[in-house]
Every structure is written in structure tokens, then in C-alpha cells.
Amino acid sequence: MGITRQETLIHWNYFLTIEEDLYNLNRYVDFSKANDKTFSLEIARILLSACSEVDVVLKQLCLAIDITTSANSINQYHNLITTQISDFNSFKVIVPTHGLELQPWINWEANTPPIWWTAHNKVKHERHKLFKLATLKNCLNSVAGLYVSVLHLYHEEAKTGKLLHLPKLFNVSDEHFGGTGMGRYGHSFKYNLSI
């Protein structure tokens, strides 16, 4: 028996694991604007995990767009991704249970990574001085940024409802929501993507 496509969706499954960690964090820190600046070891761990995976997924997304690319950093990924995916930067992720709307890539420019990405780098390399940047707001946006990235990497599966198992927290805005699917192996959303 050969490997099925579902078995190769490692980045989707990894996203679901990180998102579940974020979901569990809500038992201890409420996802409200009042807690945007809350920081902790667990928040830092999720932020670092999400950003590490964002880097891997964006590199794969760039290769899917252009097999000859040598892009290997957040700044190098920008032009290729934003010229091929017109609404990547403005893509909205919602957290319906908390009334939140996130646009994790909104401030991404050619030589300016998103705020949460910069915070991640500072926490990663200067944790002894800048641990306070491992905030809930940066964490939420990093996991939302991963969600957007993985959806675009697996755009065919996303469009056809083959990304099995629903995220516990995240959904997309109405313009990107294409319905739901229910099958033998699990439930899924269908996404309207511009890629």
C-alpha cells in the first residue's frame, strides 16, 4: 500500500499540534486585548515553535511557486509570495470564540518582517534581555501566520476540503470560507484561496 497524500501533509498536522497548544494556553491566559502584553515561558515556547515552522513552510511555498528559487529568509520570501498570492498580506484569520480578527502578515514588507517575527528573533537570540516580547499578541499572530502559510502551501487540499480535522481556534473570514466537509476520516473546511 503506497503513501497517500494525507500522510504527506506533515505541515498541516504540525500546525494543528501547535494550534492545540495555543488552545490549551487559553485555560490560563484569556485571549483578550487586555492580555496582549502578557508573556510567559509557555507563550515563548509556542511563539518559537510557530515561527520555526513558518520559516520551513514559507521556504516550501516559495519552491512550490518557483522550483529554481534560492530564497531562504523571511525577507527573501516576501517578493515571490506577495507577487504570486495577491491577498497574502491582507488575509484575515478569525478566532470566533474570542471575537478576534488577526491579519498576521499585514505589516510584512520587502525588507521589514512582521512585528511578531522580529519579536521571535529577539526572544530567540536575546531572551535574557527581551523575554518580555514573548507576548500573547505576538504568539497569536505567529500561529495565525503559520495557518495562512500552511493553507497556501496545501492550496489544492485546502480548496477541496482535504485538510482533515478542524482547527480548534482559527477560522478564516467569509471571503475565504468555502464551506465544510464531513467524511469517514474527519471533518474539514473548504477554503477560497487566490493561489
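Asn171 is placed in strand 3, where strands (E, at least two residues) and helices (H or I, at least four) are DSSP runs numbered from the N terminus. With a relative accessibility of 14%, Asn171 counts as buried; buried stands for under 20% relative accessible area, exposed for over 50%, and partly exposed for values in between (1.4 Å probe, protein chains only). Beyond its neighbours within four places in sequence, Asn171 is in contact with Lys92, Val93, Ile94, Pro96, Tyr147, Phe177 and Phe189, a contact being heavy atoms within 4.5 Å.

The model is predicted, so to speak of local features a pLDDT of at least 70 is needed, side-chain atom pairs count only at pLDDT 80 or more, and totals for chains, interfaces and linings use all residues. Residues are numbered from 1 along each chain as its sequence is written, and side-chain values use heavy atoms, with hydrogens and water left out.

The largest nonpolar core holds 58 residues, of which Trp12, Leu58, Leu151 and Phe170 touch the most other members. Such a core is a set of buried Ala, Val, Leu, Ile, Met, Phe, Trp, Tyr and Cys residues joined through side-chain atoms within 4.5 Å. At least two residues of this core come from each of helix 1 (10–25), helix 2 (41–65), helix 3 (74–84), strand 1 (93–95), strand 2 (100–102), helix 4 (115–125), helix 6 (136–153) and strand 5 (186–191). In soluble globular proteins, nonpolar side chains tend to be buried together.

The axes of helix 1 and helix 2 come within 11 Å and cross at roughly 160 degrees; axes are lines fitted to C-alpha atoms, for helices over the stretch in contact, and angles run from 0 to 180 degrees between N-to-C directions. Helix 1 and helix 2 are therefore roughly antiparallel, given that angles under 35 degrees count as roughly parallel, over 145 as roughly antiparallel, 65 to 115 as roughly perpendicular and the rest as oblique. Among the residues making this contact are Tyr14 and Ile18 of helix 1 and Ile43 and Ile46 of helix 2. The contact residues divide into nine nonpolar, three polar and four charged, with Ala, Val, Leu, Ile, Met, Phe, Trp, Tyr, Cys and Pro taken as nonpolar, Asp, Glu, Lys and Arg as charged, and the others, Gly among them, as polar.

For helix 2 and helix 3, the axes come within 10 Å and cross at roughly 45 degrees, and the two helices are therefore oblique to each other. Their contact involves Asp55, Leu58, Lys59, Leu61, Cys62 and Ile65 of helix 2, together with Ile74, Tyr77, Leu80, Ile81 and Gln84 of helix 3. Eight of these residues are nonpolar, one is polar and two are charged. The axes of helix 2 and helix 4 come within 10 Å and cross at roughly 115 degrees, so this pair is roughly perpendicular. Here the contact residues include Leu47 and Cys51 of helix 2 and Trp116 and His120 of helix 4.

Two loop residues complete the account. Asp66, in the loop between helix 2 and helix 3, is partly exposed at 28% relative accessible area. His165 sits in the loop between helix 7 (155–160) and strand 3 (171–172) and has a phi near 80 degrees, a positive value in a residue other than glycine.
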